[in-house]
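Subject: A structure to look through

Dear colleague,

I am handing over the structure we talked about, and I would be glad if you opened it beside this message.

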Amino acid sequence: IAAALLPFFALAVGSVYGQCDCAFGEVPGSTTKVCLGGNSVVTCLAGKINVTVGNVKYAFDRATCLDNTWYGSTCAGAVFMLSAPNPFFNCYDTVVPTTVPTTTGPTTVPTTTVPPPPPCTCAYENAGATMNLPAPVSSCTNGVNQVVQCDDKIYSKIGNGDLVEYDRVSCSAGKWYGTSCDGTISSIGVDAVKVQCGTTAEPPLCAPLPFRGGLKYVGTVDGLQRYACSNDLVVKVKFPGGDSETTAHGKYFECNSTFSRTVSSGGSDSLPNGPGISDVSCRDYGTFNAACSVPYTHNTWRQDGKIECEKGFYPYRLSFVNGSSLQELYWNTADLSSATCGLDGWSIVGTPFSSVKLTGFWCWDAPTSQTGSCGALDEPDRNLNYNRKTGIYSCRTPEREVLVVTTPANAVYYGNKLECVSGQWQFTGTSTVTIAAGSKAACLPLLSNVIPPTTYSLIYAGMTDDGLTRWTCGSDLSLEIDVEFFPETGKHMPIHAKYIVANNSYYRIASSNTDFYTTPGKPILSVACKDLGAVFGACSTPWDIGGIRTGNNYQCMKGWFLNDIMYVDDSGEEKVVRGSSYDMKSIRCQKDGWQPQGTPFSGLRVTAVECFDANPFTADEECPGTITFAVYALNVDKFRKYSTCYEGETLGYTLNSQTVNGAGKKLFCGTNASSGAREWQWSKMDDTDASAIPAGAQMNCF
């Protein structure tokens with residue numbers, strides 16, 4: 001196909017009557033065409049429709065013709081406009097095309113001229129603002145196509161007509177469209193669309209709720225405004241405390257002007273929230289059977305039908321409905337550990353109770369001192385396992401962690417059990433010794449010398465096929481790893497990942513799909529567990545170098561640029577999107593997966609986000625090493641092959657202790673007009689006033 005592909009995203013529902021005889025090319029017998037609402041809709045007999053433009057292949061679930069223009073769409077809502085009036089649709093999963101394409105439809109087709117889309121400036125009005133509804137989010141794809149969407153459905157109203165529900169709306173070539181998950185595309189038909197995230201007016205947010213965080217208002221209960229998450233997501237509330245912050249989970253968040261609480265799905269269990277809520281969000285904790293209630297929990301780890309305490313906490317109390325009666329179990333009446341979701345409800349592990357409605361699960365942190373005369377321990381947060389019934393401290397996974405005690409006299413002991421006996425700390429390893437109060441006690445990964453000994457919050461996550469130990473963080477936390485890069489220049493390699501896989505001499509960093517990883521080959525300086533915010537459940541957890549995720553948005557840290565991202569396609573093959581091929585500065589988590597901003601791709605299962613440190617040599621290897629660059633200073637544009645500075649800073653260089661400023665200039669690899677040799681140059685942004693950077697200069701931002 002010689003025609004251009006104009007990608008745009010997220011349209012919604014409606015009806016636009018077009019022609020059911022739009023022309024397209026195919027391998028005979030590979031597609032099915034139907035007429036829906038006066039529009040041609042084409043699908044492959046098996047698999048996706050593939051359209052190739054240049055060296056790039058685009059895959060759709062179906063193609064729809066509106067007003068003699070073909071659009072490819074995915075079930076997740078991504079839509080692409082095909083400017084060719086007679087595109088050829090490949091169905092690779094049905095038959096490999098080996099014959100000359102044939103054409104169906106009329107022999108003559110009117111030529112449709114698609115004007116260049118305006119750059120993301122389509123007008124829209126948030127009609128829900130006066131109703132206290134959540135604000136829609138607008139984003140820009142490929143620098144020209146505008147997408148507006150809500151956490152859940154978005155609604156639009158044309159004139160005095162009824163509200164129409166969409167998955168999302170988008171604007172391309174100055175026209176607003178909509179799409180639904182069944183692939184139906186419609187034109188909203190107005191220049192300025194009115195949209196809202198909901199249909200019913202809500203009261204203003206109550207004071208204890210710092211921001212909406214994806215919550216939607218569902219009514220008033222006992223004089224309190226009740227909020228919940230969409231679909232099967234769980235409310236997560238965080239309270240201040242740095243790395244020691246505590247959390248609450250539940251079905252509902254309820255509040256008035258002075259009070260708030262987190263509540264279970266049955267409403268029978270809740271706990272008043274403390275002052276100064278630091279974050280409220282909606283989280284995806286995997287699959288839970290529909291028969292299982294959503295309990296209120298405190299400092300727990302939830303994943304795929306299991307609830308247990310976070311590392312360093314112990315189960316204090318569980319509450320549940322058994323038949324028609326509300327019952328409670330405490331640490332001193334049962335051997336509490338976890339709860340699992342089954343076909344008929346929750347089973348409380350270590351007890352005879354099963355098929356119950358779990359309403360509450362409270363976890364308290366391991367105490368640092370014991371009653372009596374044993375005195376206090378020096379222990380890290382979120383580390384030691386504690387059994388309040390026996391008073392014994394141990395490790396969460398004793399077969400993969402070792403309990404290390406360092407006394408005030410710097411004697412070091414290795415073992416598996418620490419307890420207060422008759423006023424003295426007794427530590428058991430190969431033998432039992434008495435430990436002085438004030439001793440440091442911590443559980444460390446066993447047989448993983450490459451992980452620093454100050455790493456306390458890692459959780460054992462199984463073994464790999466090649467015999468390495470896999471470590472991760474609790475629930476929705478991410479590993480934050482600082483790796484030595486070039487210590488002589490002060491450079492580190494910041495990394496985020498789902499897993500670190502290691503033995504005594506080797507480690508690698510892996511995404512949530514552990515088949516895809518990187519091996520930095522440099523010493524680890526530190527490892528921590530961080531909450532980077534809520535994302536849609538369809539988005540994978542990639543490993544990154546030099547990146548940072550804030551909620552649904554992934555971008556590079558200051559002084560780094562996005563070189564490429566890697567993702568897994570439907571066949572399981574890892575593919576690459578290059579920063580040199582697209583104006584790609586960040587990726588965004590959408591409802592169907594990751595979308596690299598500035599590219600036509602969406603719904604990706606991203607495995608890696610590779611940011612390179614802002615050294616123009618890494619962005620353009622054609623230029624000689626005649627100048628140097630300040631560490632983490634420049635703002636590199638990989639796609640346009642030049643460097644500038646961040647907002648509020650000015651590009652310049654220093655030579656022989658003299659600084660030359662170049663306000664409004666860019667740095668790039670140019671060609672010497674006389675010799676034809678490549679050299680470092682700078683110019684104004686419009687390419688005028690170009691000159692060479694003298695050898696020996698250091699580029700910086702001031």
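Buried residues account for 49% of the 702 residues in the protein, and please keep in mind while reading that this is a predicted model. The protein exposes about 30,300 Å², of which carbon and sulfur atoms supply 50%. In its secondary structure there are 1 helix and 71 strands.

Strands of a sheet pair through backbone hydrogen bonds, and the pairing may be parallel or antiparallel. Here 5 strands form an open sheet with antiparallel pairing, in the order β39-β40-β43-β44-β45. The edges are taken by β39 (385-387) and β45 (432-435), and because each has a single partner strand, one side of each is left without a neighbour in the sheet. On average, neighbouring strands of this sheet are turned by 25° against each other, with direction ignored. Within the sheet, β43 (residues 417-421) and β44 (residues 424-428) pair over 5 bridges in the antiparallel sense, and V421 has Q424 in β44 as its bridge partner.

Next comes the interior. In soluble globular proteins, nonpolar side chains tend to be buried together. The largest nonpolar core has 42 residues, and of these I481, I500 and I565 touch the most other members. Strand β58 (residues 560-568) gives the most to this core, with 5 residues. Apart from this core lies another one of 18 residues, among them V636, L651, L667 and C701.

R382 is not a glycine, yet has a positive phi of about 55°, and R382 sits in the loop between β38 (375-376) and β39. L447, also a residue other than glycine, has a positive phi near 60°, and L447 lies in the loop between β46 (440-445) and β47 (459-463). Are these two residues buried or exposed? R382 has 18% relative accessibility and therefore counts as buried, the limit being under 20%, whereas L447, at 53%, counts as exposed because exposed means over 50%.

With kind regards

Key. Residues are numbered from 1 along each chain as its sequence is written. This is a predicted model: local features need pLDDT of at least 70, side-chain atom pairs count only at pLDDT 80 or more; totals for chains, interfaces and linings use all residues. Side-chain values use heavy atoms; hydrogens and water are left out. Helices (H or I, at least four residues) and strands (E, at least two) are DSSP runs, numbered from the N terminus. Buried means under 20% relative accessible area, exposed over 50%, partly exposed in between (1.4 Å probe, protein chains only). Accessible areas come from the Shrake-Rupley method with a 1.4 Å probe; for residues, only the protein chains shown count as cover. Two strands pair if DSSP finds at least two bridges between them. Axes are lines fitted to C-alpha atoms, for helices over the stretch in contact, and angles run from 0 to 180 degrees between N-to-C directions. A nonpolar core is a set of buried Ala, Val, Leu, Ile, Met, Phe, Trp, Tyr and Cys residues joined through side-chain atoms within 4.5 Å.
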